[in-house]
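Open the model in your viewer and keep the sequence panel at hand. The tour below goes from stop to stop, with something to select at each.

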Amino acid sequence: MNTIPLLSILTLIPLIGGGATLLAPNQSKLARRLAFGTSLLALAVAALLWATFDTSRAGYQFAENLPWVASLGINYSLGIDGLGLLMVLLSALLVPFAMLDRK
(Lines give C-alpha, C1' and ligand atoms only; values in the text may rest on other atoms or scores of the structure.)
Protein backbone atom coordinates (compact mmCIF):
# COMPACT_ATOMS: atom_id res chain seq x y z
CA MET A 1 0.00 0.00 0.00
CA ASN A 2 1.22 3.46 -0.86
CA THR A 3 1.80 5.52 2.29
CA ILE A 4 2.50 8.87 0.57
CA PRO A 5 -0.81 10.68 -0.14
CA LEU A 6 0.07 11.57 -3.74
CA LEU A 7 -3.47 12.58 -4.70
CA SER A 8 -3.74 14.99 -1.79
CA ILE A 9 -0.32 16.42 -2.64
CA LEU A 10 -1.39 16.83 -6.27
CA THR A 11 -4.53 18.62 -5.09
CA LEU A 12 -2.67 20.97 -2.74
CA ILE A 13 0.19 21.94 -5.09
CA PRO A 14 -1.89 24.37 -7.22
CA LEU A 15 -3.58 25.78 -4.12
CA ILE A 16 -0.29 26.56 -2.40
CA GLY A 17 1.33 27.74 -5.63
CA GLY A 18 -1.60 30.03 -6.37
CA GLY A 19 -1.38 31.55 -2.91
CA ALA A 20 2.34 32.11 -3.28
CA THR A 21 1.81 33.66 -6.71
CA LEU A 22 -0.79 36.03 -5.27
CA LEU A 23 1.76 37.22 -2.72
CA ALA A 24 4.34 38.00 -5.41
CA PRO A 25 4.46 41.53 -6.87
CA ASN A 26 1.87 42.13 -9.58
CA GLN A 27 3.00 41.37 -13.16
CA SER A 28 6.50 40.45 -12.01
CA LYS A 29 8.79 37.81 -13.46
CA LEU A 30 8.79 36.19 -10.03
CA ALA A 31 5.03 35.61 -10.17
CA ARG A 32 5.27 34.06 -13.63
CA ARG A 33 8.18 31.85 -12.66
CA LEU A 34 6.46 30.78 -9.47
CA ALA A 35 3.29 29.85 -11.36
CA PHE A 36 5.24 27.99 -14.04
CA GLY A 37 7.34 26.16 -11.44
CA THR A 38 4.19 25.15 -9.58
CA SER A 39 2.68 23.76 -12.78
CA LEU A 40 5.87 21.77 -13.45
CA LEU A 41 5.79 20.39 -9.91
CA ALA A 42 2.18 19.27 -10.43
CA LEU A 43 3.23 17.68 -13.73
CA ALA A 44 6.03 15.81 -11.95
CA VAL A 45 3.62 14.42 -9.35
CA ALA A 46 1.16 13.43 -12.09
CA ALA A 47 4.00 11.69 -13.96
CA LEU A 48 4.93 9.87 -10.74
CA LEU A 49 1.33 8.70 -10.42
CA TRP A 50 1.44 7.52 -14.03
CA ALA A 51 4.72 5.66 -13.52
CA THR A 52 3.57 3.84 -10.38
CA PHE A 53 0.02 3.05 -11.57
CA ASP A 54 -0.63 -0.70 -11.73
CA THR A 55 -2.52 -1.39 -14.95
CA SER A 56 -3.16 -5.03 -14.01
CA ARG A 57 -5.44 -4.02 -11.12
CA ALA A 58 -9.03 -2.93 -11.55
CA GLY A 59 -10.69 -0.25 -9.47
CA TYR A 60 -9.34 2.74 -7.62
CA GLN A 61 -5.67 3.07 -6.74
CA PHE A 62 -3.81 5.51 -4.50
CA ALA A 63 -6.95 5.54 -2.36
CA GLU A 64 -7.07 7.85 0.64
CA ASN A 65 -9.86 7.70 3.17
CA LEU A 66 -9.70 9.76 6.34
CA PRO A 67 -12.43 10.79 8.78
CA TRP A 68 -13.04 14.52 8.39
CA VAL A 69 -16.11 15.33 10.48
CA ALA A 70 -16.59 12.07 12.34
CA SER A 71 -19.65 13.23 14.26
CA LEU A 72 -21.52 13.75 10.98
CA GLY A 73 -20.03 10.71 9.23
CA ILE A 74 -18.16 12.82 6.67
CA ASN A 75 -14.96 11.35 5.28
CA TYR A 76 -12.21 12.73 3.03
CA SER A 77 -11.86 10.17 0.25
CA LEU A 78 -9.78 10.21 -2.91
CA GLY A 79 -8.94 7.52 -5.41
CA ILE A 80 -8.13 7.32 -9.09
CA ASP A 81 -8.76 4.80 -11.84
CA GLY A 82 -7.10 4.48 -15.22
CA LEU A 83 -9.30 6.92 -17.15
CA GLY A 84 -9.19 9.45 -14.32
CA LEU A 85 -5.41 9.22 -14.22
CA LEU A 86 -5.26 9.91 -17.95
CA MET A 87 -7.39 13.04 -17.50
CA VAL A 88 -5.22 14.23 -14.60
CA LEU A 89 -2.07 13.70 -16.65
CA LEU A 90 -3.50 15.52 -19.67
CA SER A 91 -4.54 18.46 -17.48
CA ALA A 92 -1.13 18.56 -15.83
CA LEU A 93 0.47 18.62 -19.30
CA LEU A 94 -1.84 21.32 -20.64
CA VAL A 95 -1.18 23.93 -17.94
CA PRO A 96 2.59 24.40 -18.49
CA PHE A 97 2.10 24.50 -22.25
CA ALA A 98 -0.62 27.14 -21.91
CA MET A 99 1.68 29.20 -19.69
CA LEU A 100 4.49 29.04 -22.27
CA ASP A 101 2.28 30.73 -24.86
CA ARG A 102 2.38 34.04 -22.95
CA LYS A 103 4.70 36.58 -24.55
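**Stop one: the nonpolar patch**

Start with helix H3, residues 82-100, which gives the nonpolar patch its largest share, seven residues. Helices here are DSSP runs of H or I, at least four residues long, numbered from the N terminus. This is a predicted model: local features need pLDDT of at least 70, side-chain atom pairs count only at pLDDT 80 or more, and totals for chains, interfaces and linings use all residues. Residues are numbered from 1 along each chain as its sequence is written, and side-chain values use heavy atoms, leaving out hydrogens and water.

Now select Trp50, Leu83, Leu86, Met87, Leu90, Leu93, Phe97 and Leu100: they make a nonpolar surface patch of about 820 Å². Nonpolar side chains in a patch are joined within 5 Å, and each residue has over 30% relative accessible area and no salt bridge.

Zoom in on Met87, in helix H3. Met87 counts as partly exposed because its relative accessibility is 44%. The classes are buried under 20%, exposed over 50% and partly exposed in between (1.4 Å probe, protein chains only).

**Stop two: Thr38**

Move to helix H2, residues 29-52, and pick Thr38. Is Thr38 buried or exposed? Thr38 counts as buried, because its relative accessibility is 15%. Show its neighbours next: Thr38 touches Ile13, Pro14 and Gly17, leaving aside residues up to four places away in sequence. A contact means heavy atoms within 4.5 Å.

**Stop three: the aromatic pair**

Searching the whole structure turns up one aromatic pair. Select Phe53 and Phe62: their pair is tilted, at 6.4 Å centre to centre with 35° between the planes. Ring centres must lie within 6.5 Å to pair; planes under 30 degrees apart count as stacked, over 60 as edge-to-face and the rest as tilted. Both Phe53 and Phe62 are buried.

Terms used
Patches are made of residues with over 30% relative accessible area and no salt bridge: like charges are joined within 9 Å, nonpolar side chains (Val, Leu, Ile, Met, Phe, Trp, Tyr) within 5 Å. Accessible areas come from the Shrake-Rupley method with a 1.4 Å probe; for residues, only the protein chains shown count as cover. A salt bridge is a side-chain nitrogen of Lys or Arg within 4 Å of a carboxyl oxygen of Asp or Glu. Helices (H or I, at least four residues) and strands (E, at least two) are DSSP runs, numbered from the N terminus. Rings of Phe, Tyr and Trp (its six-membered ring) pair if their centres lie within 6.5 Å; planes under 30 degrees apart count as stacked, over 60 as edge-to-face and the rest as tilted.
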